[in-house]
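Let us read this model together, taking one feature at a time.

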Amino acid sequence: MIIPVTSKPRTSKANKTGTWRSGKKPHFIQKECIACRLCVMVCPEGCISGDKRCTYIADFKYCKGCGNCAAVCPVADIEMVKEEWWRETIS
Amino acid sequence: MRQYLEGSHAVAEIVRLCKAQVISAYPITPQTHIVESLAQMVADGELNAEFINVESEHSAASVVQGASATGVRTYTATTSQGLLYMIEVLYSIAGLRLPVVLTCANRAVSSPINIWNDHQDSVTVRDAGWLQFYAENNQEACDLHLMAYRLAEDHNIMLPVMVCMDGYILTHAYEAVDLPEQSQVDKFLPEFNPIHCLNPDDPISMGVLMGPESYTETRYAIHQTMMDALNVIPGISDEFERVFGRKVNCLIEKYRLEDATQVFVAMGSMVGTIKEMVDGLREDGQKVGLLKVIAHRPFPKKIVYEALKNAREIAVLEKAISLGEEGPLLSDVKSAFCGYGNQPKISGFVLGLGGRDITKKSIFEVYCALAGSQIDVKFIDLKI
Amino acid sequence: MATELFSSGHTACAGCGQALGARLVLEATGPNVVIANATGCLEVFTSRYPESAWGVPWIHSLFQNAAAVASGVEAALRIKGKLDQVRVISQGGDGATADIGMASLSGMFDRGHDILYVCYDNEAYMNTGVQRSGLTPFDSRTTTSPAGKKSFGNPRPKKNIPEIANAHNVLYVATASVAFPKDLQKKVKKALSIRGPKYIQIFVPCPLGWRHDPALTYDIAKLVVETGLYPILEYQDGKLISVKTIEAPKPVDEYLKLQGRYAHLFTERGKDEIAKIQAIADGNIKKYGLLKEGKEVQKKMAAEKPAEEKIFTTAELSKCDGKDGQPAYFAYNGKVYDISGSDLWADGAHYKMHFAGMDLTDALSEAPHGDEVFERFKAVGVLKA
């Protein structure tokens, strides 16, 4: 009797770790961005994407709100904001 | 072709004929002659395999685990402390359903250190999820290795197999052995076709973390497979006979059991001595027989019951003991009768530990003890 | 997409340096690798059945045998004739590498397998709740090397695994930090270009175990290098071929004070202990020549004062990005250079990797050239610290 004891690749995507955030999330201001990609590089979730200047954004389905992107941004174009505040702003 | 070979060399020849592709082992007496032979075959170009010299048995088992997971046929051999050092890898190999074949050149375990034969090493790992077969002689050891690869890689089984052969008594004994032709082996044992393996084209994750919601099912599946193997084995044994022209038993062998009221039960090379004893007692008109247990795991409980149900007195002879309880094989045989009315007397005898000779006198001592009341544990040839 | 080789949805803690490190490694390796992973945080947070974060074939067996399992994978690929197309990586944490897995790692090195071993060094047994390992640093507090009246925490320095690897004649040995991703990825790529055993040890902060703000993972991984406590080294054939130089080493307390695992040192009694840690950093700087180039740079800086001592703030500098008619400036080691009009900096971008308006001090160490090229450009001011 064989039952699966293996997992298929990249299936962790089903796990929406964005629910882990406890009150803070990064706000990509998108004004001073110089497209240095440092925020992409330092994200432990690999959930920040973007291409040209001022296009960078986190995938909040997975972002755990650690804040490293905001801490490393050389032009202070990412700030950690209270999540409630953020929700109000985008709605 | 019949050849006069040392047991270790004969097994190495079988592993060569089975075309093992990755072999890894760590030296430990009395397993060394097997892997030395294989290393020489690789060095001479007679066997196209990677022979990996490792720094421990733990790594030997780990190397064959990694190689098996990558989809190649593997082999390792060990004994005693080496087998105990492998234990956690043995469980892991079975858990990942990898068809590794291992020879255990049975030896006592420390302390005191003792390099001679008994079964305490392999009996200790009987719960690891490996099919476990015990050979009586070198021909059977060879045949069981052929069966081992075939069974392990069967898609209905996909479990590792351990072939146990008594250290020195078989590994270092020269006997005439009928080695098959390559064409016969190729017919019996097709190329290894893994269900899944480590491959960038299908990048699965193996050895994942399982929680309470799914772990139980993996153990159930292994247990169920063991039970299924009891049904699969006879068919493959028949196929073995068709290809190689001789019978191979993988579960049990009955010896003069038909009308026997007194029956010996044993595993491994001591069966040879017991057979002689049975013959002698039969000449004296005693209704004595022998049940050889080959498969310790899966334990063919029903078959054992059927073979023994007419006996009045049963003696289970073992080269191992669950200290503080009784012999493990004794427990298994007793459990085969559980739930049936006509419980015979089932006594347990521990003998041949650490290489102490098992003589006909030893067996006669067991036979004499059978007349008395049921015995849980009696050490034979004890010098205290 | 390269990032898909290590997917989101893994269950590492917020700010996990090991998750960051693993993602950076996978981006560098590409898809044609097989990974054998030791037991530990990385294994647990990436492989909870039925999910997996891995986009490459991956196997986990036990705590101490990742190097041996990888050896078997490598042997199998070799006999199948696939070792040219598929590379093998073995990886684990510091405990799996330096303690329980030391023998299997030594065996893998010794046998000369074509395997890259990656050690994610978060300096303790984090998966079991922060116990001391052989790579736990001196005076760091763990649950099994606690600080108390008679103890300042772990009494022993870190084992030097890179030098142990060198003693095995490992072909390529390097250390890296997640704060220098390009350097890390360059080393992984270089390692995979070499056939035989390789070893890379990556500094990966653990916010939970080190008790630091998860937002400081990057800063801490940078400071440990800037203090000299974690020398970033590269050996080939046993020879030290590069070090990440430090221009002006930061005092170790700047690094220590950010982490709860060192909080017990910031007392009257702990002063001497911080001095001992400073001595470890100073010893590294001396032993590995971490300051050598930096001193030359400092000398050069002192010799030529900028013509105009205009002081730029970071924000002012960022505006000089060479776009929309703005001049193109960048900063290096506190000086601001004008690269407007340079063909190599068209539209304010240099090989699509570096951009005007930024401080490129750290980026230079990863460039194929040194600071000598800056002599061609005009210094226009200094960057406000």
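Within chain B, 26 residues of domain 1 are in contact with 20 residues of domain 2, a contact being a pair of residues whose C-beta atoms, placed from the backbone, lie within 7 Å.

Q: What kind of model is this, and how are its residues, chains and ligands labelled?

A: This is a predicted model, in which local features need pLDDT of at least 70 and side-chain atom pairs count only at pLDDT 80 or more, while totals for chains, interfaces and linings use all residues. Residues are numbered from 1 along each chain as its sequence is written, and chains are lettered from A and ligands numbered from 1 in the order in which they are written.

Q: Where do the domains of chain B lie, and which elements of domain 1 of chain B touch domain 2 of chain B?

A: Domain bounds come from an automatic or database domain assignment, and for chain B that assignment gives domain 1 (2-244) and domain 2 (252-379). Their centres, taken over C-alpha atoms, are separated by 27 Å. On the side of domain 1 of chain B that touches domain 2 of chain B, at least two residues each come from helix 5 (120-124), strand 6 (131-134), strand 7 (161-166) and helix 8 (215-244) of chain B; here helices (H or I, at least four residues) and strands (E, at least two) are DSSP runs, numbered from the N terminus. That side has 15 nonpolar, 7 polar and 4 charged residues, where Ala, Val, Leu, Ile, Met, Phe, Trp, Tyr, Cys and Pro count as nonpolar, Asp, Glu, Lys and Arg as charged, and the others, Gly among them, as polar.

Q: How should I read a strand, and which residues of strand 2 of chain B lie on each side?

A: In a regular strand the side chains alternate between the two faces of the sheet. In strand 2 (residues 22-25) of chain B, Val22(B) and Ser24(B) lie on one side and Ile23(B) and Ala25(B) on the other, and all are buried, so that both faces are covered. A residue is buried if 20 or more other C-beta atoms lie within 10 Å of its own, exposed if 12 or fewer, and partly exposed in between, with C-beta atoms placed from the backbone.

Q: Which strands pair with strand 2 of chain B?

A: Strands of a sheet pair through backbone hydrogen bonds, either parallel or antiparallel, and two strands are taken to pair if DSSP finds at least two bridges between them. Strand 2 of chain B runs parallel to strand 3 (residues 50-53) of chain B, joined by 4 bridges, and Ser24(B) stands opposite Ile52(B) there. Strand 2 of chain B also runs parallel to strand 4 (residues 74-78) of chain B, with 2 bridges, and Ile23(B) stands opposite Tyr75(B) in strand 4 of chain B. With helix 2 (residues 32-43) of chain B between them in name, strand 2 and strand 3 of chain B make a right-handed β-α-β unit; a crossover is right-handed if, with the strands pointing away from the viewer, the path from the first strand over the helix to the second runs clockwise.

Q: How many residues does each chain bring to the contact of chain C with chain B?

A: That contact takes 37 residues from chain C and 37 residues from chain B. Helix 3 of chain C gives the most to the side of chain C that touches chain B, with 11 residues, and this side divides into 21 nonpolar, 12 polar and 4 charged residues. Strand 9 (residues 205-206) of chain B and strand 2 of chain C pair in the parallel sense over 2 bridges, with Ile59(C) as the bridge partner of Met206(B).

Q: In what order do the strands of the open sheet follow, and which are its edge strands?

A: The 10 strands run in the order 1(A)-9(B)-2(C)-1(C)-3(C)-4(C)-8(C)-7(C)-9(C)-10(C), with mixed pairing. The edge strands, each pairing on one side only, are strand 1 (6-7) of chain A and strand 10 (239-243) of chain C.

Q: Why is chain A described as more spread out than a compact globule?

A: Chain A has 3 helices and 5 strands. Its radius of gyration is 16 Å, well over the 12 Å that the globule rule gives for 91 residues, so chain A is more spread out than a compact globule; the radius is taken over C-alpha atoms, and the rule is 2.2 Å times the number of residues to the power 0.38.

Conventions:
Contact = placed C-beta atoms within 7 Å.
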